[in-house]
Amino acid sequence: DRIMQISDIFYHQSFHEGLTMGIIEAMHFALPVVSSNVRGNKDLIDEDKGGFLTEPLDMASQIEALEKLMDNKDLCQKMGSYNKEKSENYSLESVKKQLENIYKENGLI
């Protein structure tokens, strides 16, 4: 928590992901995200709303995205606020409610 609280940007590059908990945590802490454009990450980050998606080996686009954020505190704040709101979809309460609805729709409860 402490690292997220003192951070300005969340940077995460990889070749393969599922549903990245680190990105969800960064979103909860209202951070803009620069991550690789792979399954999982692109399901979480809405391009140009919550951050930037780049190809894992494309250092030029990663640097460009980071520079855009470092040079524009308003953009960081706007993207961070968007991510904070979106992260609520992944809260325990939200997930429990979604699962309950699925069970009800299928006559399991």
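## Charged pairs within helices

Glu64 is partly exposed, with a relative accessible area of 44%, where buried means under 20% relative accessible area, exposed over 50% and partly exposed in between, computed with a 1.4 Å probe and protein chains only. The model is a predicted one, in which local features need pLDDT of at least 70 and side-chain atom pairs count only at pLDDT 80 or more, while totals for chains, interfaces and linings use all residues. Residues are numbered from 1 along each chain as its sequence is written, and side-chain values use heavy atoms, with hydrogens and water left out.

The side chain of Glu64 meets that of Lys68 in a salt bridge with an N to O distance of 3.7 Å, the term standing for a side-chain nitrogen of Lys or Arg within 4 Å of a carboxyl oxygen of Asp or Glu. Both residues belong to helix 4 (residues 59–70), where they are four residues apart, about one turn of the helix; helices (H or I, at least four residues) and strands (E, at least two) are DSSP runs numbered from the N terminus. Lys68 is partly exposed as well, at 41% relative accessibility. Another salt bridge joins Lys96 to Glu93, with the closest N and O atoms 3.5 Å apart, and because these two are three residues apart in helix 6, about one helical turn separates Lys96 from Glu93. Lys96 is partly exposed at 45%, whereas Glu93 counts as exposed at 52%.

A search of the whole structure finds four salt bridges, and one of them is formed by the side chains of Asp46 and Lys86, at 3.1 Å from N to O. This pair links distant parts of the chain, with Asp46 in the loop between helix 3 and strand 3 (51–54) and Lys86 in helix 5, 40 residues apart. Asp46 is partly exposed at 23% relative accessibility, while Lys86 counts as buried at 13%. In general, side chains of opposite charge can pair when their charged atoms come close.

Not counting residues up to four places away in sequence, Asp43 touches Lys86 and Tyr90, contact meaning heavy atoms within 4.5 Å. Asp43 and Tyr82, by comparison, are 39 residues apart in sequence and 15 Å apart from C-alpha to C-alpha.

## Nonpolar cores

The largest nonpolar core has eleven residues, among them Met4, Phe10, Val33, Leu44, Ile45 and Leu53; such a core is a set of buried Ala, Val, Leu, Ile, Met, Phe, Trp, Tyr and Cys residues joined through side-chain atoms within 4.5 Å. Helix 2 (residues 21–28) gives the most to this core, with four residues. Apart from this core lies another, of six residues, including Phe52, Ala65, Cys76 and Met79. In soluble globular proteins, nonpolar side chains tend to be buried together.

Met79 lies in helix 5 (residues 73–87) and counts as buried because its relative accessibility is 1%. Although Met79 and Gly51 are 28 residues apart in sequence, their C-alpha atoms are 6.2 Å apart in space. Beyond its neighbours within four places in sequence, Met79 is in contact with Pro32, Asp48, Lys49, Gly50, Gly51, Phe52 and Leu69.

## Around Ser36

Leu53, a member of the eleven-residue core, has contacts outside its sequence neighbourhood of four places that include Ser35, Ser36, Asn41 and Ile45. Ser36 itself is in strand 2 (residues 33–36) and counts as buried at 0% relative accessibility. A polar atom of the Ser36 side chain lies 2.8 Å from the backbone oxygen of Ser14. Leaving aside neighbours within four places in sequence, the contacts of Ser36 are His12, Gln13, Ser14, Asn41, Leu53, Thr54 and Pro56.

## A nonpolar surface patch

Val95, Leu99, Ile102, Tyr103, Leu108 and Ile109 form a nonpolar patch on the surface, with about 570 Å² of accessible area together. Patches are made of residues with over 30% relative accessible area and no salt bridge, with like charges joined within 9 Å and nonpolar side chains (Val, Leu, Ile, Met, Phe, Trp, Tyr) within 5 Å; accessible areas come from the Shrake-Rupley method with a 1.4 Å probe, and for residues only the protein chains shown count as cover.

Methods. A polar contact is a pair of N or O atoms within 3.5 Å; within protein, one must be able to donate a hydrogen and the other to accept it, and residues adjacent in sequence count only if both atoms are side-chain atoms.
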